Amino acid sequence: MKLRRSTARALAAATALIALGAVTACAEDGAGADPQRVDVAAAFYPLQFIAERIGGDAVRVTNLTKPGAEPHDLELTPRQVGEVNQAELIVYLKGFQPAVDEAVEQNGGDRAFDVAGVQPLLAGSAGGHDHEGEEAGHGGEEKDGGKDPHLWLDPTRLATVGDRLAERLGRADPDRAADYTARAGALRVELETLDAEFAAGLRTCQRRELMVSHAAFGYLTERYQLDQVGITGLAPENEPSPQRLAEVAREAREHQATTIFFETLVSPKVAETIARQVGAKTAVLDPLEGLSADHGGDYLSVMRTNLATLRTALSCS
Ligand SMILES: [Zn+2]
Ligand SMILES: [Zn+2]
């Protein structure tokens, strides 16, 4: 599997060198790069969201992860590698999407802005959590060793990433630096409002444990003093073992979970199986790795839907 993927990537990179000529020709006849605007390649949705909000009409943002696609294991088409090579600014999260990391490493030069470098990342866990007074190791606790990339699920962190992005855009396009700063400030106000709604809405709840399909919610649970139990670890494609499924079912019973969460971009099958076993419901908790192709909305509206879902599932007053 790994070998097949890296072979495909190497092939894509090689093809891209050929395709680059075509993309350049395309740009010259006006269909590609816009000389009036900063061309930004954003690696996945939340980065597209902040780039569009902060850049406004001064930028042209391309999202490398198409709506409805799951970003963790994104493969770049030769055309997209061409977009990365042509972009004036590449906004990505190092360690999240190996194909994007590779394209940036090969051709990013000084055009890449790594949002993982803005603030120290939290350590990732394989989905387990600790109970007070118990040995670490309960609930399948098994550190991935890696860092948790899902920083956008803490709105205050996303605001800080936005401030740094505005500075970076201002260096790429000094004439409009003040506009970028102003728009980042406006976005910060909206994200801080959202943060206050989460803090108030999740303050008093009967339960604080989230049973989720992949351990994407570490920043959200850290920020609002919740606790996540992930059926899989930091990436959704890891198949959970029968032992892991049994552990999560035990956790769900122990914490009297009424809801097992699944995601829009990942199959709900495993969550449904556990829910049936423990007599719980399932509901969508969206990690915002991408917008679903049919639902639309934006970061703020999907987060507010998440908050309402959480308040119901955790019986918050
Ligand atoms: Zn994820
Ligand atoms: Zn537990």
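The structure is a predicted model, in which local features need pLDDT of at least 70 and side-chain atom pairs count only at pLDDT 80 or more, whereas totals for chains, interfaces and linings use all residues. Residues are numbered from 1 along each chain as its sequence is written, chains are lettered from A and ligands numbered from 1 in the order in which they are written, and side-chain values use heavy atoms, with hydrogens and water left out.

The protein donors of the zinc ion (ligand 1) are His72 (NE2), His150 (NE2), His214 (NE2) and Glu289 (OE), at 1.8 to 2.1 Å from the ion; donors are N, O and S atoms within 2.8 Å of the metal (3.2 Å for Na, K and Ca), and sites may look incomplete because water is not among the atoms. The 4 donor atoms subtend angles of 99 to 117° around the zinc ion (ligand 1), so the arrangement is tetrahedral, a term applied to four donors if all angles lie between 85 and 135 degrees. Ideal angles for four tetrahedral donors are 109.5 degrees. His150 counts as buried because its relative accessibility is 0%, and Glu289 is likewise buried, at 2% (buried means under 20% relative accessible area, exposed over 50% and partly exposed in between, with a 1.4 Å probe and protein chains only).

The protein chain contains 10 helices and 8 strands, where helices (H or I, at least four residues) and strands (E, at least two) are DSSP runs numbered from the N terminus. Of its 317 residues, 52% count as buried. Among contacts (heavy atoms within 4.5 Å) between residues at least 6 apart in sequence, 64% join residues at least 24 apart.

Helix H2 (residues 45-55) is mostly covered, with 9 of its 11 residues buried, among them Tyr45, Leu47, Phe49 and Ile54. The cover over these buried residues includes strands E1 (38-42), E2 (59-63) and E3 (89-92), together with helices H5 (155-172), H6 and H10. Just after H2, Gly56 takes a positive phi of about 55°.

The axes of H2 and H6 come within 7 Å and cross at roughly 125°; axes are lines fitted to C-alpha atoms, for helices over the stretch in contact, and angles run from 0 to 180 degrees between N-to-C directions. The two helices, H2 and H6, are therefore oblique to each other, given that angles under 35 degrees count as roughly parallel, over 145 as roughly antiparallel, 65 to 115 as roughly perpendicular and the rest as oblique. Their contact is made by Phe49, Ile50, Arg53, Ile54 and Gly55 of H2 and by Tyr180, Arg183, Ala184, Leu187 and Glu190 of H6.

The axes of H6 (residues 177-201) and H10 (residues 299-313) come within 10 Å and cross at roughly 5°, so H6 and H10 are roughly parallel to each other. Residues including Leu191, Leu194 and Phe198 in H6 meet residues of H10 that include Leu300, Met303 and Leu307.

Conventions. Four donors count as tetrahedral if all angles lie between 85 and 135 degrees; four count as square planar and six as octahedral if opposite donors are over 155 degrees apart and all others between 65 and 115; anything else is irregular.
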